[in-house]
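These are my notebook entries on a structure that I had not examined before. I set down what I looked up, topic by topic.

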Amino acid sequence: MGSYSKVKIAPSLLAADFMQLGQQIKDAEAAGADLLHYDVMDGRFVPNITMGMFILKQVRQITTLPLDVHLMIVEPERYIKQFADAGANSISVHIEACPNLHRTLQLIRESACKVGVAINPHTPADHLSEIITMLDMINVMTVNPGFGGQQFLQTMTSKIATLRAMIGDVQGEVDIEVDGGINVETANDAVQAGANILIAGTTIFRHPNGVQAGIDALRNSLEQTAE
């Protein structure tokens with residue numbers, strides 16, 4: 001079971017109102033967000049196109065929060081340094097997109113960013129066994145990547161638990177992020193399975209009462225469960 005007191009909230013900028021992006025970032029920071037999640041999609045690895053280095057550089061100028069960059073792109077090794085230079089604090093690449101994963105993770109480390117791997121729903125946890133000691137974080141996709149607002153895949157909780165056990169076996173300090181469908185109903189399941197970073201977009205940025213209310217609702221759902 002995860003530790004509720006150590007759970008971090010990472011608002012996903014993919015769900016933000018881009019007409020008000022600067023203000024929404026400031027609202028998330030004021031509301032107690034622990035880091036910001038930044039999704040990069042290329043229209044090839046996933047069927048959508050989103051933000052690149054230029055916007056990340058602008059985001060870096062208006063927040064002190066760690067920027068967690070998730071590269072849902074083919075050939076991510078070509079862009080590691082550029083995203084690091086633009087202000088990323090952590091970079092995750094997909095195991096499914098990296099035929100030379102070990103080398104790509106080395107590039108992230110050399111760029112002075114935290115090293116992450118993202119893993120799609122269909123990919124078994126044990127595919128990370130050979131590189132788990134190189135990681136600072138694992139991003140478990142709890143939806144099929146490419147679009148926000150999808151429903152949490154409940155079967156992914158067993159994968160989270162397996163990865164948490166694998167981390168325990170190597171005695172490393174590795175974060176497990178969950179990405180997709182995280183809300184007040186699903187957050188507890190993810191944390192109980194072993195996740196400690198909740199990536200949430202729609203739940204936070206589309207909350208009818210604003211960003212503060214979205215983050216508070218997510219935290220409160222965990223506190224009520226822990227009581």
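**Terms and basis.** I call a residue buried when its relative accessible area is under 20%, exposed when it is over 50%, and partly exposed in between, using a 1.4 Å probe and protein chains only. The model is a predicted one, in which local features need pLDDT of at least 70 and side-chain atom pairs count only at pLDDT 80 or more, while totals for chains, interfaces and linings use all residues. Residues are numbered from 1 along each chain as its sequence is written, and side-chain values use heavy atoms, with hydrogens and water left out.

I take helices (H or I, at least four residues) and strands (E, at least two) as DSSP runs numbered from the N terminus.

**The sheet.** I began with the strands, counting two as paired if DSSP finds at least two bridges between them. In general, strands of a sheet pair through backbone hydrogen bonds, either parallel or antiparallel. Here I found an open sheet of eight strands, paired in the parallel sense, in the order E1-E8-E7-E6-E5-E4-E3-E2. At its edges I noted strand E1 (8-11) and strand E2 (36-41), each of which pairs on one side only. From one strand to the next, the twist averages 25°.

I then looked at one pair in detail. Strand E5 (residues 114-119) is joined to strand E6 (residues 137-141) by four bridges, in the parallel sense. Which residue of E6 is the bridge partner of Gly116? I found that it is Met137.

**A helix across the strands.** For angles, I use axes that are lines fitted to C-alpha atoms (for helices over the stretch in contact), and the angles run from 0 to 180 degrees between N-to-C directions. By contact I mean heavy atoms within 4.5 Å. Helix H2 (residues 53-62) lies across E2 and strand E3 (67-72), and runs at about 170° to E3.

**The core.** A nonpolar core is a set of buried Ala, Val, Leu, Ile, Met, Phe, Trp, Tyr and Cys residues joined through side-chain atoms within 4.5 Å. The largest such core has 67 residues, and Ile91, Leu105, Ile138 and Leu198 have the most contacts inside it. I looked up Ile138 and, setting aside residues up to four places away in sequence, found that it touches a list of residues including Val117, Leu128, Leu163, Val174 and Asp175.

**Helix H4.** Which residues of helix H4 are buried? In this helix (residues 101-110) they are Leu101, Thr104, Leu105 and Ile108. They lie on the same side of H4, because they cover an arc of only 100° around the axis; the arc is that of the directions from the helix axis to the C-beta atoms. The buried residues pack against helix H3 (80-86), strand E4 (90-94) and E5. Arg103 and Glu110, on the other side of H4, are exposed.

Most residues other than glycine have a negative phi. I recorded Ala112, not a glycine, with a positive phi of about 65°. Ala112 sits in the loop between H4 and E5 and counts as exposed at 71% relative accessibility. Glu75 is not a glycine either, and has a positive phi of about 50°. I located Glu75 in the loop between E3 and H3, where it is partly exposed at 37% relative accessible area.

**Asn196.** Is Asn196 buried or exposed? I found it buried, with a relative accessible area of 14%. Asn196 belongs to the loop between helix H6 (187-193) and strand E8 (197-200). Its side chain makes a polar contact with the side chain of Arg164 at 3.2 Å. A polar contact is a pair of N or O atoms within 3.5 Å; within protein, one must be able to donate a hydrogen and the other to accept it, and residues adjacent in sequence count only if both atoms are side-chain atoms. Beyond its neighbours within four places in sequence, Asn196 is in contact with residues among them Lys6, Lys8 and Asp175.

**Helix H8.** Asp216 lies in H8 and counts as partly exposed at 32% relative accessibility. Asp216 and Gly32 are 184 residues apart in sequence and 8.7 Å apart in space, C-alpha to C-alpha. Gln224 is also in helix H8 (residues 211-226), and is exposed with a relative accessible area of 56%. From Gln224 to Leu105 I noted 119 residues in sequence and 38 Å in space, C-alpha to C-alpha.
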